[in-house]
Amino acid sequence: MNTAASGTLASSPSDRSALTPSPPVRRGRGFGTTLVPYIFLAPFAALFLAFTVAPLVYAFYTSVFRDTLVGGTQFAGFANYLRAFSDLKFWGGIAHLALFGVVQVPIMLGLALAFALVLDRGNVHARSLFRLGFFIPYAVPSVIAALIWGYLYGPVFGPFTQAANWAGLPPPNFLSDGAMLFSLANVVTWEFTGYNMIIYYSALKAIPQDLQEAAIVDGASAWQYARLVQLPLLWPAILLTIIFSINGSLQLFNEPFLMRAIAPQVIGTSYTPNIYAYFLAAANQQYNYAAAISFVLGIVIASVAYLFTVMTNRRGGTAT
Amino acid sequence: MTEVLSVNKRDMDRRHFLKVAGASIAAAAIPAVPAVAEETVNLVLWSWLPDFQAQVDLFEKAHPNIKVKLINSGQGPAEYTNLRAGLKARSGLPDVCHVEFQVVRSFKQLNALADIGKWANSYKSEFAEWSWNQVSDGDKVYAMPWDSGPIGMLYRNDVFEKHGISLPKTWDEFAEQAIKLHEAAPDTYLTNAVFNDGGWVNSLLWQAGWRPFEVNGTEISIQVNGAVPKKFAAYWQDLLDRKAVEAKPGFVAEWYTSLDQGRYATWLTAGWGPVFLTSFAKTSSGKWRAAAIPQWESGKFVSANWGGSTLAALAASQHPKEAAELAIWLTTNKEATTLYTTKQFLFPVLNDLLNSPEFANKPFELYGGQQVNQIFIESAKNVDPSFQWSPFQDYVNSTMGDELAAAASGKGTLAEAFDRLQNTFVQYAQDQGFTVKT
């Protein structure tokens, strides 16, 4: 099918030129244009196969066995999956992240959207400075970010505690059971708002100037222009960032893993599903079960993302 | 090194043939020429010890036919994760590996360690008894003891004097003084109980007489929540409930600062602690002292070990004899082992070093000139040698840290946590195919 399509594509320009329709040239071109995309895709495809498809296949293969310290490896079928579906530690982690995502994603994307809209206005001074400033946290490695926030959250020598002591107020406890998810949400928001802002900002830049001129001519206020023109045109970009964020939330690992050093009493070895899978494999030597857990997590993420897309499509359908 | 490795097979065979041929011709004239033995052997050594190249250079000088490539593959659990990945993949493994005492049995369970008994056994009497017990099983020797961490107590003399705290000799006295200090200065604590650190908890339980695991082939007996841990749990629970001690994580910025500023008046630590403390206790230099670990029964002296490492030759090595030689030489050669105590400040396991006046009498500035090593040498000689580790120690440590840290922070009690640990470990051991006795 591909060759047929590109064959017609290749033949149409040479037919149009009509002056030198020599068959060898045409065949050569047809051959070239068939292969060229694949040559350009090859580096990606090779890396994708080596670092995504192959590990996935291997992980799935691993997940249907059971390797024990005594007795060795046996075929286990879907036993590991059945176990994962009834594992409270795994679902407890999912529950943590569901709460995390419901609170954190709207705040982060709302802020990103607001920043992007403001930066897109013509009358902002030092625009590139702000753009860079918002984006910088994303460039800070999460290990450094965790160190910075670990210090800020410090329950004894942290600046907030010191300030509270100085003012004679009870010091805030950022690392308690109840507060930890919000402390993590704060770090993640700090890290990724700029990243999402850049996506929105580029999407805004792609909106033709004519629309703004037309809106001004029609007497639209800045707010009306943002709400009725920019937002609907941004919708695909917003959808993309929501899917990214659902994906990122459910796979949360770095931030809680690093915060574990200062709050091990709250962030246990199964605080998030990925931390759980990590400890299952790295400390517990339950590689097979870790692989199954990872696959179930993948299924959960895909389902949530799919459900979300279906829901928004339906809503979009009724709106138009 | 890669050049040597990439010499192709036919070339090797030809050279080998020529050497053997040459040797046999030469043998007729001069009988004792070790021609074949001169083939260079390449070994890979994994270790996270800083400046270790110094000792490796000494080894290479003494063994012209062995080349050693030293690689830092991560510290502790990070290295073990790599090692287990290598064992699974059956490639990328070193010949000799840095392995802490606590996981020797775990890697033995994976059949990862070579039995080097036939070369190593003659050195048995040179090592502290408990350390040899941890690496051997009768005549079988799975690793060479390298350094250790006999437990002891470092304390702030200034804080003790300021609040009239007397040096506790027993755990009862320790509790009394903790309560007294907390009353005198509510934001100062006699100690921070690092319950999230499985190694720390384990050493104090070892001293108290805890013997949780006993392995016999595929049978394992698990007794995690007996009388000893219940006594231990009740002791610390009382101090926690009175807020007389803290239970915050160790080895993080706030903990370092708390020790340096005298917020914590003692650090219950091990033989490697005194030098480690100098790396962050800058402003409190001269104010520290060392003392013996408090005792459960007065008039007795029982100690335990926290940390410390071994060098193990791996079963997968293509050069078992040379790998064993590397592990044995680096842990027994006089020059190399003396250097560990003066350059890397490892706490020794060799009797010669433990008995050397030079090591024992060295004054430490941070401790007001006290001969700190003497405290820990006394501890080393009283480490109870009967302690056994589990065959899945990384799992035990992380699980214990999880449960006890949560309990110490007020989620349930320590005693309940030990009960849960018992069930969790039994379940895990059964899952891993062991026959479990409780």
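B:Thr337 is buried, at a relative accessible area of 6%; buried means under 20%, exposed over 50% and partly exposed in between, with a 1.4 Å probe and protein chains only. Before I go on, two housekeeping sentences. This is a predicted model: local features need pLDDT of at least 70, side-chain atom pairs count only at pLDDT 80 or more, and totals for chains, interfaces and linings use all residues. Residues are numbered from 1 along each chain as its sequence is written, chains are lettered from A and ligands numbered from 1 in the order written, and side-chain values use heavy atoms, without hydrogens and water.

Back to B:Thr337. Its helix is H15 of chain B, residues 334-344; helices are DSSP runs of H or I, at least four residues, numbered from the N terminus. What does its side chain reach? The backbone oxygen of B:Asn333, at 2.7 Å. Beyond four places in sequence, B:Thr337 has contacts with B:Leu330, B:Thr331, B:Thr332, B:Leu350 and B:Leu353. Contact here means heavy atoms within 4.5 Å.

Now chain A. A:Ser142 sits in helix H6, residues 142-152. A:Ser142 is buried too, with a relative accessible area of 16%. Leaving out neighbours within four places, A:Ser142 is in contact with A:Glu191, A:Asn254, A:Glu255 and A:Leu258.

Next, the cores. A nonpolar core is a set of buried Ala, Val, Leu, Ile, Met, Phe, Trp, Tyr and Cys residues joined through side-chain atoms within 4.5 Å. The largest has 138 residues, and B:Phe195, B:Trp200, B:Trp236, B:Leu277 and B:Phe392 have the most contacts inside it. Helix H20 of chain B, residues 414-431, gives the largest share of this core, eight residues. Apart from that core lies another, of 61 residues, including A:Tyr201 and A:Ile267.

Last, the interface. Chain B puts in 30 residues, chain A 27. About 2500 Å² is buried between chain B and chain A, with 53% from carbon and sulfur atoms; buried area is the accessible area (1.4 Å probe) that two parts lose on being put together, summed over both. How many salt bridges cross the interface of chain B and chain A? Four, by the rule: a side-chain nitrogen of Lys or Arg within 4 Å of a carboxyl oxygen of Asp or Glu. A:Asp67 and B:Lys88 make a salt bridge at 2.5 Å, N to O. On the side of chain B that touches chain A, H4 (77-89), H12 (253-260), H19 (393-408) and H20 of chain B each give two or more residues.

Terms used:
Polar contact = N/O pair within 3.5 Å; in protein donor to acceptor, adjacent residues only side chain to side chain.
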